[in-house]
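Q: I have a structure to go through before class. Can you walk me through it in short steps?

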Amino acid sequence: MTKRILIGLALFTYVSTFNLVFAKDSDSPQPLEEFLPEIGYKTVEIAVKEFEHHYNKELKLPLRVPPISFTHH
């Protein structure tokens, strides 16, 4: 019984080495400057300008983050 298991394990290991996947040198992550705008990210300055243009009002944001611990950003 153990002989069959060992033979099966050796055969499985031998066969599974033929299906290896290798990464190419050209497979590098996309820079954030290209990736983020695709999913809808806007800088704070652009978002404020769009808000002010849409509502025709000036938006005043705090100059620094308040000393409150936020759980989400």
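A: First, a definition: helices (H or I, at least four residues) and strands (E, at least two) are DSSP runs, numbered from the N terminus. The chain has three helices and zero strands. Along the sequence the pattern reads α-α-α.

Q: What should I know about the model and the numbering?

A: This is a predicted model: local features need pLDDT of at least 70, side-chain atom pairs count only at pLDDT 80 or more, and totals for chains, interfaces and linings use all residues. Residues are numbered from 1 along each chain as its sequence is written, and side-chain values use heavy atoms, with hydrogens and water left out.

Q: And what is the average pLDDT?

A: pLDDT is the predictor's confidence in each residue, from 0 to 100. The chain averages 80, and 79% of the residues score at least 70.

Q: Which element has the lowest mean, and which the highest?

A: Helix α1 (residues 2-16) has the lowest mean pLDDT, 75. Helix α3 has the highest, 94.

Q: Let's stay on α3. What span should it have, and what does the model show?

A: The expected span is 1.5 Å times one less than the number of residues. Helix α3 covers residues 44-55, so its 12 residues should span 16 Å. Its end C-alpha atoms are 16 Å apart, which agrees.

Q: How many aromatic pairs are there?

A: Rings of Phe, Tyr and Trp (its six-membered ring) pair if their centres lie within 6.5 Å; planes under 30 degrees apart count as stacked, over 60 as edge-to-face and the rest as tilted. A search of the whole structure finds one pair. The rings of F51 and Y55 have centres 4.7 Å apart and planes at 45°, so the pair is tilted.

Q: Where do F51 and Y55 lie?

A: Both lie in helix α3, four residues apart, about one turn of the helix.

Q: Is each of them buried, exposed or in between?

A: Buried means under 20% relative accessible area, exposed over 50%, partly exposed in between (1.4 Å probe, protein chains only). F51 is partly exposed at 33%. Y55 is partly exposed at 48%.

Q: What share of the chain is buried?

A: Buried residues make up 1% of the 73 residues.

Q: How much area does the chain expose?

A: About 7900 Å², with carbon and sulfur atoms supplying 64% of it. Accessible areas come from the Shrake-Rupley method with a 1.4 Å probe; for residues, only the protein chains shown count as cover.

Q: New topic. Which side chains meet in a salt bridge?

A: K42 and E50 do, at 2.7 Å, N to O. A salt bridge is a side-chain nitrogen of Lys or Arg within 4 Å of a carboxyl oxygen of Asp or Glu. The structure holds one. K42 counts as partly exposed at 43% relative accessibility, and E50 does at 39%.

Q: Which residues form the nonpolar patch?

A: V44, F51, Y55, L59 and L61, with about 460 Å² of accessible area together. Patches are made of residues with over 30% relative accessible area and no salt bridge: like charges are joined within 9 Å, nonpolar side chains (Val, Leu, Ile, Met, Phe, Trp, Tyr) within 5 Å.

Q: Last one. What comes just after α3?

A: N56 does, with a positive phi of about 55°. N56 is not a glycine. N56 is exposed, with a relative accessible area of 68%. E58 is also in the segment after α3, and E58 is exposed at 62%. The C-alpha atoms of E58 and V48 are separated by 8.7 Å, and these residues are 10 apart along the chain.
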